[in-house]
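Hi,

Here is the structure I said I would pass on.

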Amino acid sequence: MNFKLNKIIPQLATLLAVILVFGFLTYNAQVNMDNRGIEFGFGFLSQESSFDVQFSLIDYDGSHSYARAYLVGLLNTLLVAFIGIILSTILGVIVGIARLSPNYLIERTAAFYVEFFRNIPLLLQIFFWYFAALRALPLPQDTEPMFGVFFLTIKGLFVPRFVWENLDIFFYSIIAAIISIVVIKNYARKLQESQGKQVPVFSISVGLFIILPLLTFLIGGVSLNFSIPELEQMSTTSFKYKGGLGIPPELIALTLALGLYTATFIAECVRAGIQGISKGQKEAAASIGLTPRQILKLVVMPQALRIIIPPTTNQYLNLTKNSSLAAAIAYPDLVLIFAGTALMQTGRAIEIVSITMLTYLSISLSISVLMNWYNKKIAIKEK
Amino acid sequence: MNKLNFLKPDIDNLNTYLYSGIFLIFIAILDVSFNSFLKTNITNFLPNSISFILPLILGAIGFHLIRIEFSGIKNLDLLNKNINTNTFNAVLTLLIIFAIIKSIPPFLSWFFIDATISGDTKEACTGTGACWTYIKIWLNRFIYGMYPNELQWRINISFIALIGLAFIGLLPSEKVKKFLTLYYVVIYPIIAFILIYYLISGGSLGLEWVETGAWGGLSLTFIVSFFCLIFCFPIGMFLALGRRSDLPTVRYISIGFIEFWRGVPLITVLFMSSVMFPMFLPEDFFMDKLVRVIIAISLFEAAYVAEVIRGGLQALPRGQYDAAKSLGMGYWKMYIFVILPQALKLVIPGIANTFLALVKDTPLIFVVGLLEIVGMLNLAKTNPKWLGYAMEGYVFAAIIFWIICYAMSKYSYNLEIKYKTDR
């Protein structure tokens with residue numbers, strides 16, 4: 001009896017405390033909102049937003065609703081996160097491997113990079129790239145093109161844009177190529193397990209991946225043109241690029257800073273992962289006659305990835321959350337558009353801040369769930 | 001076969017290869033140095049593309065000539081083993097050396113040679129280098145924010161006092177040693193709070209009141225980081241214990257709390273503290289902006305600290321728990337005297353990383369309108385008298401933050417070594 005009471009009383013006390021705190025806060029919110037005459041509700045989402053956004057992936061202007069503005073912000077956030085993740089992964093893997101190089105100079109250079117970039121606040125780095133480094137670029141009229149088609153100016157980076165015809169057929173061909181590669185892979189594995197025959201899966205896959213899309217160009221009516229940016233004089237002092245694809249300097253500064261900063265952490269993850277494989281594993285693999293490439297592919301990488309992937313995913317999550325610093329340099333991401341402009345206009349602090357937080361929370365939690373599932377799948381299965 | 005090996009040194013003709021190899025490397029480095037320091041191209045007579053790539057080729061051949069498995073010369077073997085294992089490595093080595101030589105002159109000239117530090121106005125900065133005059137003039141603002149000049153001694157005195165009080169732990173006799181934890185966890189924060197409340201904020205004891213909106217610069221960075229560090233640690237510890245508890249309610253509430261804070265970016269938490277939180281308070285209840293920010297950052301970082309400490313708790317073998325219980329210890333006694341001291345020792349690097357993240361996150365308080373050093377830089381940058389010196393400001397702040405963070409990480413590394421106990 002006494003034993004049970006011991007367990008129940010602290011639980012009841014905690015529950016009561018939490019309920020009391022929440023009740024107190026909700027009561028206050030109720031009183032405050034009544035005093036100001038605000039109704040709690042999400043009806044404002046369908047109202048006309050009447051503000052413009054500088055950079056948007058989907059069609060948007062002031063006549064669209066707040067819900068649409070939210071979507072614009074979310075897509076811009078995801079865009080930054082996506083580019084940042086690619087950049088930081090490439091750089092992080094290179095630096096992580098360089099830190100294990102037997103070459104003293106390479107190892108020191110990589111270590112210098114890691115120590116330098118990860119000890120400076122990310123916000124400061126974003127400011128540096130945006131306000132100091134990118135502001136030193138030339139004006140559009142003074143810019144010399146790189147390779148004839150890229151223009152890096154103070155107004156952003158202008159690159160050629162693809163102009164597709166019958167793009168859907170091209171997509172279908174890529175999907176078909178992927179499906180056939182998966183089928184061939186399964187078949188090759190079965191063949192090896194049953195008869196010990198090896199099929200050159202890699203070269204077949206590459207071939208398929210190139211040939212199938214190429215066929216659509218020849219017989220499917222797909223065509224690709226480039227729209228190259230051209231400088232156009234608007235007035236005596238104002239110049240503008242026409243055609244092509246303009247990448248705003250905010251996006252460049254943000255992805256650059258996020259990529260360089262997060263790469264330092266990913267580099268450490270990669271280094272820890274590769275160092276975590278004991279030398280005996282490689283020697284054992286070599287002693288049963290595997291070639292160096294096979295050792296890397298079949299023995300080292302599967303084990304190293306098991307160590308590398310969980311902390312790296314964590315870094316991807318951090319990068320996505322850190323992309324909210326975009327608000328500091330006025331890149332229109334979720335926080336700036338929704339928790340900034342939309343909040344100012346509607347004054348609905350509680351609804352908007354909760355929606356913003358819930359969005360980030362659901363991104364984080366879904367990736368965590370995915371990660372836990374993956375970890376369970378790749379965990380060493382002991383018999 | 002012999003022909004392929006004709007450029008390979010062996011122990012007999014080592015000297016010839018050694019001298020010609022070193023000569024080639026020397027020429028390569030000399031070419032790049034001339035190019036970099038004196039802005040002259042000594043291989044001008046060659047076509048442009050060849051002249052550009054020549055040092056790399058010469059250097060690679062040079063390194064190839066001196067590559068030998070074992071020569072018996074200590075320095076040469078060391079060189080070959082570390083930076084000259086194969087052609088690829090040698091080329092990378094050369095590229096890094098060239099990059100360093102190339103970047104020294106612009107770096108030096110911007111930082112020192114062409115930089116200006118004299119004078120008091122923008123007009124003094126005529127050189128092509130950095131304008132340190134800007135930093136010199138604004139230094140006061142960067143450190144103290146908008147705090148009135150004649151009252152800055154109050155900040156100085158409280159910081160000196162706090163640093164002094166922090167060192168008390170270094171000179172105790174055995175008698176007071178057992179109270180040290182109590183001192184650092186309870187008494188020191190209280191003293192710090194009193195100092196900051198009465199001395200920096202003022203408003204009583206005949207001191208003029210300075211509103212928190214005027215605080216700023218580096219001193220605000222320190223104040224925010226200091227209090228958040230002090231608060232987030234105990235909160236995080238309780239959350240970690242809660243998450244490991246076998247009482248379901250406590251466990252689920254802790255999990256929910258931790259996962260919530262870890263799932264959202266700090267900037268939205270600060271938004272919440274500035275625009276949403278006042279709605280949840282009683283109407284006549286006013287809470288200062290700075291206090292709200294400190295609470296928000298502390299709760300945010302506490303979730304991260306909790307996860308780190310949980311890692312330590314999970315890493316301890318079950319035997320420790322069982323041994324403590326078999327001695328008749330209760331829950332709190334077991335954790336305070338047996339489990340936590342060992343678990344915390346294990347997680348020193350993780351805690352240090354969290355604290356580093358905290359210090360690096362402090363600039364975000366610009367969201368609620370508090371201007372610590374990065375915020376002050378952005379303010380100074382827009383001053384019409386000093387337009388165009390953003391670079392100097394950011395470099396200055398970067399150096400300061402880098403020193404703080406690097407020192408913290410080195411200190412945590414030392415702690416880790418110091419408390420490492422082998423089992």
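The domain bounds I use here come from an automatic or database domain assignment. For chain B, that assignment gives domain 1 (14-113) and domain 2 (132-147 + 210-418). The C-alpha centres of domain 1 of chain B and domain 2 of chain B are 47 Å apart.

Do keep in mind that this is a predicted model. The predictor gives the complex an ipTM of 0.87 and a pTM of 0.86. Chain B has an average pLDDT of 83, with 96% of the residues at 70 or above.

Now the contact between the chains. Chain B puts in 42 residues and chain A 47. On the side of chain B that touches chain A, at least two residues come from each of α3 (74-83), α4 (87-113), α9 (248-263), α10 (266-276), α15 (373-381) and α16 (390-418) of chain B. The biggest giver there is α16(B), with nine residues. Sorted by class, that side of chain B has 30 nonpolar, eight polar and four charged residues.

On to the cores. The largest nonpolar core has 138 residues, and the ones that touch the most other members are A:Ile126, A:Ala253, A:Leu254, A:Ala257 and B:Leu270. Leaving out residues up to four places away in sequence, A:Ala253 touches A:Ile126, A:Trp129, A:Tyr130, A:Leu134 and A:Ile329. Another core, of 13 residues, lies apart from the largest one and includes B:Tyr17, B:Val32, B:Leu65 and B:Ile66.

One helix of chain A is worth a look: α11 (residues 349-378). At 1.5 Å a residue, its 30 residues should span 44 Å, and the end C-alpha atoms are 43 Å apart, so the two agree. Its buried residues are A:Ala349, A:Ile352, A:Val353, A:Thr356, A:Met357, A:Tyr360 and A:Ser364. What do the buried residues of α11(A) pack against? They pack against α9 (292-322) and α10 (334-346) of chain A, together with α9 and α10 of chain B.

B:Phe231 is found in helix α8 (residues 217-244) of chain B. B:Phe231 counts as partly exposed because it has 18 C-beta neighbours inside 10 Å, and buried would take 20 or more. Its C-alpha atom is 8.0 Å from that of B:Ala302, although B:Phe231 and B:Ala302 are 71 residues apart along the chain.

Cheers

Note on methods
Residues are numbered from 1 along each chain as its sequence is written. Chains are lettered from A and ligands numbered from 1 in the order in which they are written. This is a predicted model: local features need pLDDT of at least 70, side-chain atom pairs count only at pLDDT 80 or more; totals for chains, interfaces and linings use all residues. Two residues are in contact if their C-beta atoms, placed from the backbone, lie within 7 Å. Helices (H or I, at least four residues) and strands (E, at least two) are DSSP runs, numbered from the N terminus. Ala, Val, Leu, Ile, Met, Phe, Trp, Tyr, Cys and Pro count as nonpolar, Asp, Glu, Lys and Arg as charged, and the others, Gly among them, as polar. A nonpolar core is a set of buried Ala, Val, Leu, Ile, Met, Phe, Trp, Tyr and Cys residues joined through C-beta atoms within 7 Å. A residue is buried if 20 or more other C-beta atoms lie within 10 Å of its own, exposed if 12 or fewer, and partly exposed in between; C-beta atoms are placed from the backbone. The expected span of a helix is 1.5 Å times one less than its number of residues. pLDDT is the predictor's confidence in each residue, from 0 to 100.
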